[in-house]
Every structure is written in C-alpha cells, then in structure tokens.
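Dear colleague,

Please find below the structure I promised to pass on to you.

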Amino acid sequence: MKGKTILVTGASAGIGAESVKQLAAMGAQLVLVGRNEAKCQKVASDVKRTTGNDAVHVLVADLSSMAAVRQLATTYKSRFDRLDVLLNNAGAMFLKYEESPDGIEQTLALNHLNYFLLTHELLDILTQTQGARVVNVASDAHRPGKIDLSDLQMRQTYSGWGQYCNSKLMNIMFTYAAARRLGGKGITINCLHPGFVASDFGDNNASGAIGKLFVGAWRFAKKLSAISVEKGAATQVYLASSPEVAGISGHYFSNRKAVKSSALSYDNVLGEALWSQTEALVGVEWA
Ligand SMILES: NC(=O)c1ccc[n+]([C@@H]2O[C@H](COP(=O)([O-])OP(=O)(O)OC[C@H]3O[C@@H](n4cnc5c(N)ncnc54)[C@H](OP(=O)(O)O)[C@@H]3O)[C@@H](O)[C@H]2O)c1
C-alpha cells in the first residue's frame, strides 16, 4: 500500500481505529477523521509508534453536520493530492430521537447523509486517482431495515434500533446506486458487514435508566459473542487493500466474501427514489 492515501472516518475508536492501524502497517498514508481531536491524535501517535509509519494525519469534523462534511472535503483536497481509498466507517445508533446541527434526525444524518455527501464532495479527487475505491461500512442489521420514503427521518414513531437498521440498509442501497454511476469513472464502491464487534458501539446511549440498561445488556452480549476489533476490521481492510477486489464494484461483503444482502436492498426503483430524496436533503445533484 506504499504510495496510497486512505481517508478513514470514525477513526478515533473501534473498527475505524483498528483499520487505520492495519492499513498503516501496510505502508499507506492515513488520514484519520473524527470529531474528537484528542482521541484521534492519540490513535495517530499509537499507530505511528507501533507501525513505524509516520504518514498518519488527523482532520477533525462532526460528520453529522453537512457543513462540516463539506469543509472536511475542501480541507482534504487542499492538503492531499490523491485519494486511493475513502473508508466511510463512522456510525452510531441513537436510542432516543436526536437531531443533527442541521435539524435532521441524527442517525440519518450521520450514518447515511454523511456517507453520501462526503463521497460526492470527494468525487473529483477520487476520479483523478487511478483505481480509487470507496468502502462503506454497513451491517447485517440492514436485514430488517425498511425505507419509508414518506418519513426517512422516522419522525412519526421513532425507534433507535429500527432507524439504525434502516440507515444500514441505506448504506447498501447507496452503494448499489453509486456503483451504477461510478463504473465509467474508474472508481469502485463496495459495502460490508464487519461482524458483531467488541468496539465502543452503543456506548453513546448510557444516560438515563433505559440507556444504562441497554448499554449493560449490549456489553454483556459483546462479552458473550462479539469478535475482536482486529477481526472486525478484516473485511474493510481487505476491500481497501486487496488486489483480489480491484475492479469489483457494487457488492456487499461479509467475512471477505461477496454475499447477498436483503431482497429489498436490490429494489433499484426504491434505491433511485432514496437517492433523489438524499440529494434533496444534502442539496447536491450527483451527475
Ligand atoms: N460494532 C459492531 O458490532 C458493528 C456491527 C456492524 C456494523 N458496525 C458499523 O461499524 C462502524 C464503526 O462502528 P464501531 O463498531 O467501530 O463503533 P465505535 O467504536 O462506537 O466507533 C464509531 C466511530 O464513529 C465516530 N463518530 C460517531 N459520531 C460521529 C460524528 N458525529 N462525527 C464524527 N465521527 C463520529 C466515533 O467517534 P467518537 O470516538 O468521537 O465517538 C468513532 O470513531 C459503524 O458504521 C457501525 O454501524 C458495527
């Protein structure tokens, strides 16, 4: 991976931080994106120390804010002249209804709109970089997910887990719809399920009695059956780096293999309707 530059979102913790470590060990230049500068700098210095790779940089952005996503892309392009891999990894589940700085339901803003807008804003530099890849971290939690075009923000009856599942289905439908558009530009785009991973996922919900109960139960489940972050990062690191997937686009991977996603995820009419609503929400028209 020497000579390649990789941007990883949600790099301050969990699977993202571990992906940075594994990709830096392969010799790539890494750009870590997170909202907490101190946490990102700590990951960067640990990675430099353990891998001996000093080409590890930090950019700060709250990825639930569309202005911050735009600013991130502008800053990235002013500092780096290529982008070999965009690893859209930042994501979370919000038990209680919350809104982003733009007044958009937080799960939709962070997990879906951020992937869509950041990819769009970096398309020019991705196109200029031969063999560029976009890798979207989705989840098998997409399987019960639904797309309600009349209420994408789930404002009628909010369910934290339900909206998380919906957002992960959106990651997959975005991947499939973007692959239809990006083929001619030489950019591949794939998505994946990392497994059930012992990361910090869910810990943001620890306030209030229900939140504490949820986090306690989730931590217990992780102890019983989750895989390590090292194993959890394997499929996204594979998609970011392996020559085996050069030129492969528009697939959902699990355990480093292309697998079938839910039947609904292949509904291209629904996928295109989601695409149009997403464009309207973030204020872009994707050529
Ligand atoms: N863990 C699992 O079992 C599992 C299973 C399937 C899919 N996934 C997916 O894997 C991805 C990574 O999750 P993880 O398990 O590694 O969880 P994690 O340990 O909680 O890490 C999430 C990362 O996203 C960042 N993030 C959250 N909100 C952000 C915001 N507004 N702006 C910028 N960064 C933000 C976090 O930053 P802070 O450090 O500042 O919080 C952290 O770096 C997610 O897309 C998740 O949906 C996870």
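Is strand E5 (residues 133-137) mostly covered or mostly open, and how many of its residues are buried? Before the answer, please keep in mind that this is a predicted model. Strand E5 is mostly covered, with 5 of its 5 residues buried.

The pairing of E5 can be described from two directions. Strand E4 (residues 85-88) runs parallel to E5 and is joined to it by 4 bridges, and within this pairing Leu 87 has Val 135 of E5 as its bridge partner. Strand E6 (residues 188-193) also pairs with E5 in the parallel sense, over 5 bridges, and here Arg 133 has Thr 188 of E6 as its bridge partner.

Turning to the helices, H6 (residues 160-182) and H10 (residues 268-282) pack at an angle of about 100 degrees, and their axes are 9 Å apart. An angle from 65 to 115 degrees counts as roughly perpendicular, and H6 and H10 are therefore roughly perpendicular to each other. Where they meet, H6 contributes Met 170, Met 173, Tyr 176 and Ala 177, and H10 contributes Gly 271, Glu 272, Leu 274 and Trp 275. The residues of this contact divide into 6 nonpolar, 1 polar and 1 charged.

In the segment after H10 lies Val 284, which is partly exposed, because 15 other C-beta atoms lie within 10 Å. If its neighbours within four places in sequence are left aside, Val 284 is in contact with Leu 117, His 120 and Glu 279. Val 284 and Ala 217, by comparison, are 67 residues apart in sequence and 40 Å apart in space, from C-alpha to C-alpha.

Finally, there is the ligand, which has 27 residues around it, and of these Gly 10, Gly 14, Gly 91, Ser 139 and Ser 199 come nearest. The shell around the ligand divides into 11 nonpolar, 12 polar and 4 charged residues, and the largest share of that shell, 3 residues, comes from helix H1 (residues 14-25).

With best regards

How values were computed. Residues numbered from 1 in each chain as written. Predicted model: local features only at pLDDT ≥ 70, side-chain atom pairs only at ≥ 80, totals over all residues. Axes fitted to C-alpha atoms, helices over the stretch in contact; angles between N-to-C directions. Parallel < 35°, antiparallel > 145°, perpendicular 65-115°, else oblique. Contact = placed C-beta atoms within 7 Å. Nonpolar A, V, L, I, M, F, W, Y, C, P; charged D, E, K, R; others polar. Near = placed C-beta within 6 Å. Buried ≥ 20, exposed ≤ 12 C-beta atoms within 10 Å, placed from the backbone. Pairing = 2+ DSSP bridges.
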